[in-house]
Amino acid sequence: MSEDIQPSAEQRFLERLKARDAVRGAEPTWIAARRQAAAARFEAIGFPSKRVEQWKYTDVRRIRDGEFALTDDADFSPAQAAALTLPIEAIRLTFVDGVFSPELSDLADLPDGASVEPLTQALADNHEAVGAVLGRLTGVEFSAFAALNMAFAEEGAVIRLAPGTVVEPPIVVQFLSRANEQAVMSHPRVLIQAGARSQATVLEHFVGERDAANFTNVVAEVFLERGAILTHYNLQEAPLGDALVQSLQVEQDRDSRFVSFNVDLGGALVRHDLVAELNAEGAEAQYYGLFFAQGRQHVDNHTLVNHNAPRTFSDENYKGILGDRARGVFNGKVVVKRDSQQIEGNQSNANLLLSDRAEIDAKPELEIYADDVKCAHGTTTGQLDEDAVFALRSRGIDEQTARGLLTLAFAGEVMDKVGLDAIAERVELAVAGKLPERFNLGSLVETGLLEEGASQGGVADDRND
Amino acid sequence: MLEVKDLHVTVEGKEILKGLDLTVNAGEVHAIMGPNGAGKSTLSAVIAGKEGYEVTAGSITFEGEDVLEMEIEERARAGLLLGFQYPVEIPGVKNIYLLKAALNASREARGEGEIPAPEFMKLVKEKLAFMKMDPSFLQRAVNEGFSGGEKKRNEILQMLVLEPRLAMLDEIDSGLDIDAMKIVADGVNSLRSEERAVLMVTHYQRLLDYIVPDKVHVLLDGRIVKSGDKDLAIELESRGYEWVQEESAA
């Protein structure tokens, strides 16, 4: 195959970029320069092949060989958007195929000291402030996809918290994918700067129309200053034809805490890279993940914790559930840098295979260059306990429900930590179908039962409240 | 109520039951006794629908319905419940959830709606107290980390909540100390009624001091070879099984 006849995949993407550059309005010079550098980087390394260790189990041809256009409109029926939107009180930024939709966003509840806005707005207000940090993390060296993102990026979410700011409602960044005639791609950026002792919950929600087949390549960079606490959720319910690559890097200062919940339920091809840099004492990262895939879905979770300073802590627990011919990848790495003493790093991964043809490639890795550390890791893979299935059925519970219950129970260890009921409900529905009750029952019944004498009246009263 | 006729069952190619006949009527408590390997547990497992047992001949009917044609869960909903010899641990599924989901499944099969939460709580509390179990137990995962005695009590608790027409108890007495045995026996006795029946499989006569059977059967080499009343159990205890074997061979 000679190059002058068939342009390479990289060239095709770069052609699109060139066409885009021609119609895009004037930009600050720093952006143009970074685009150019990113494009050069992308061209130099190209899409990862399976020969690249980090991509050994994940074939990106679905993206590489795809024809993805760019779009400029954010049209989406409000009724349909409402049906897809997570039903919680939230501050909300919505992007439709990467394009900001003011109509589907809601920024009313923002407290003083917090700013949540689309990237275009942040650039218009003060592009230098954005330029000072954008790309410092998850930069063009991070991966070919991060470079590709930087070359194309125009829109995204910018979340800034002044020191001491506490934002109560979750900040939802919603990415809607449409069933377009022509598949499209988007390269959103998420930039989170959490000032000292600030606290917030950010939820990235990937969802869309059932027949969509788009490519979303999102890059997130998170800066946590001293004592900041950020809880980050991914609720990934992308349409089953979508490809999604998410690269997220967090930089943590002293005593900061980053808690990540990653829930994968959708997508045809999904890849997450999650990296925390624990740069100062007391910094702590917790990663909790659940990936559930069926059909021919492919879900790859690569996580990395860099213990760059002494007395930093990490804890990780990922559960994978794979049915049909789905394929999962879990690669979790913990690195303890030289002289980073008194580290604690725990990592565990358990996988459940619901069919003979489902497949998991699990690889926990520890790299330790210090001697006074407490690190543990482990991975297991198994099947549903058929004796337990029989035990449930022998009490009158139908087979499908019994299997659903046991599958959900497998995810329980991770799901118990999820603070947002709406997410637990989505998981329950996806994994187990419609169960007879809320799984393991709502707290209402439990407390009513356990409190002596709080029988009939107690519950009736609660309901009337 | 339960009619087992000429039942032949093989497990992994080996014939375990070789023409078993048994009739259990409503209101009766039956005990099936026999030495290890006689096929006692196979009988209850086949009635409950456990996989791995092949019925090569014969029939099982429950209230006139062909049990062998019913799904496992349908048998339970029809009122056929098996108390396990070795109750399985189900991590991540709370006892309270299992009880409620199971009860509602049976109610739905009978065309009744879901049990209202207050009514359910009242019922469960009552049965828990009867089995001398702490309410905190409801929040624990099914059988996870339970002692042998707790697991058996849990089986009976499920029976009390689900109120089966026919309760089958497979070696429910194994591994129980005398106090736990009394609690379990009280639970089983409370199930006795004109409409219900109990089928116990046991190794030891001791259980039958607490749950007095109407009929006792001796299962030897895949067949019921002798039936009698509670005195037969006492005789078996003192004389062993050899004389029955000789008698049936004669």
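The confidence of the prediction is considered before the fold itself. Chain A averages a pLDDT of 92, and 93% of its residues score at least 70. A contrasting stretch is found at residues 443-465 of chain A, where pLDDT stays under 50 and for which the model has 22 contacts beyond four places in sequence.

As for overall form, the C-alpha trace of chain A spans about 75 × 55 × 55 Å along its principal axes. The radius of gyration of chain A is 23 Å, which agrees with the value near 23 Å that a compact globule would have with 465 residues. Of these 465 residues, 49% are buried. When the contacts in chain A between residues at least 6 apart in sequence are examined, 83% are found to join residues at least 24 apart.

The secondary structure of chain A comprises 11 helices and 20 strands. Among these elements, 10 strands form an open sheet of mixed pairing, in the order S2-S1-S5-S8-S10-S12-S14-S16-S18-S20 (chain A). The edges of this sheet are strand S2 (99-100) and strand S20 (373-382) of chain A, each of which pairs on one side only. Within the sheet, strand S16 (residues 313-322) and strand S18 (residues 343-353) of chain A run in the parallel sense and are paired over 10 bridges; Leu322(A), for instance, has Leu353(A) in S18(A) as its bridge partner. Helix H9 (residues 421-432) of chain A packs on this sheet, where it touches strand S10 (229-237), strand S12 (257-264), strand S14 (284-293) and S16 of chain A, and the direction of the helix makes about 30 degrees with that of S10(A).

In chain B, four strands form an open sheet with antiparallel pairing, in the order S2-S1-S4-S5 (chain B). Strand S2 (14-24) and strand S5 (65-66) of chain B are the edge strands, so named in that each pairs on one side only. Strand S4 (residues 53-62) of chain B is joined to S5(B) by two bridges, the two strands running antiparallel, and the bridge partner of Phe62(B) in S5(B) is Glu65(B). A helix also accompanies these strands: helix H1 (residues 40-48) of chain B lies across strand S1 (2-11), S2 and S4 of chain B, and runs at about 70 degrees to S4(B).

Note on methods:
Residues numbered from 1 in each chain as written. Chains lettered and ligands numbered in written order. Predicted model: local features only at pLDDT ≥ 70, side-chain atom pairs only at ≥ 80, totals over all residues. Rg over C-alpha atoms; globule rule 2.2 N^0.38 Å. Buried ≥ 20, exposed ≤ 12 C-beta atoms within 10 Å, placed from the backbone. Contact = placed C-beta atoms within 7 Å. Pairing = 2+ DSSP bridges. Axes fitted to C-alpha atoms, helices over the stretch in contact; angles between N-to-C directions. pLDDT = per-residue confidence, 0-100.
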